[in-house]
Amino acid sequence: MTEYVDLYDLNHQATGRVMLRGEEVPRDCCTMVVSFWVRDRAGRLLLEQRSPEKRWFPGWWECGGGCVRAGETGFDAARREVQEELGFTAPDSRWRLLGELENVEVMEGQFFHHWNLSYLVETEGEPVLQREEVAAVRWFTREELDAFLTEDAPVTKYTRRLYQQYRERLWQPMVTGQKRPK
């Protein structure tokens, strides 16, 4: 499936231009991506193990995420990705925007500049995995996840960075009556 993504200037303003997902990002632009952390009602967080067929970091553990398609909001993309990868749906009141981060890196000689919106969603039940994306999942208590991330476990550096950034907020109780995330 051909997917297009919107291009944003370095101040995160839409440029009105799109590009094919996976192409190299122009140096004066960035794309928007989302990451999401899933928490169950028992307060555990879920990590996904990437499919062994993935181009980058096959079999590594991460929080979920994906590209924001052209015309989508970050929140709409996060909801879509959670549903596609894990089969979860949740009302707006069970979502929280954690924050925004810049990520600039070169992988296999290709330049990437992403503007990342990170979300927390609280769900019920067990996931239904999209096998092309997710090989397995594991639920963690705070103590278990802190220990897992300090081991030599194959966890993406971006997931480690996001966890460091949002660690305290990820474990806080959900506040009811919040407005819809952006």
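1. How much space lies in the largest pocket? About 1,200 Å³. Bear in mind that this is a predicted model.

2. The lining of the largest pocket takes in 44 residues. R21, R50, W56, G66 and C67 lie nearest the pocket centre. By class, the lining splits into 15 nonpolar, 13 polar and 16 charged residues.

3. Strand β3 gives the most, with 5 residues.

4. Now the aromatic side chains. The whole structure holds 8 aromatic pairs. One of them joins Y8 and W115, edge-to-face, at 5.2 Å centre to centre and with 80 degrees between the planes. This pair links distant parts of the chain. Y8 sits in strand β1 (residues 4-8) and W115 in strand β8, 107 residues apart. Both Y8 and W115 are buried.

5. W95 and Y119 also form an edge-to-face pair. Their ring centres are 6.1 Å apart, with 80 degrees between the planes. W95 belongs to strand β7 and Y119 to strand β8, so the pair ties together parts 24 residues apart in sequence. W95 is buried, as is Y119.

Definitions and conventions: Residues are numbered from 1 along each chain as its sequence is written. This is a predicted model: local features need pLDDT of at least 70, side-chain atom pairs count only at pLDDT 80 or more; totals for chains, interfaces and linings use all residues. Side-chain values use heavy atoms; hydrogens and water are left out. On a 1 Å grid over the protein atoms alone, a cavity is a set of points where a 1.4 Å probe fits but cannot get out, and a pocket is an open set with protein on both sides within 12 Å along at least five of seven lines; lining residues have an atom within 4 Å of a point. Grid points are joined across faces, edges and corners, and a volume is the space filled by probe spheres set on the points. Helices (H or I, at least four residues) and strands (E, at least two) are DSSP runs, numbered from the N terminus. Ala, Val, Leu, Ile, Met, Phe, Trp, Tyr, Cys and Pro count as nonpolar, Asp, Glu, Lys and Arg as charged, and the others, Gly among them, as polar. Rings of Phe, Tyr and Trp (its six-membered ring) pair if their centres lie within 6.5 Å; planes under 30 degrees apart count as stacked, over 60 as edge-to-face and the rest as tilted. Buried means under 20% relative accessible area, exposed over 50%, partly exposed in between (1.4 Å probe, protein chains only).
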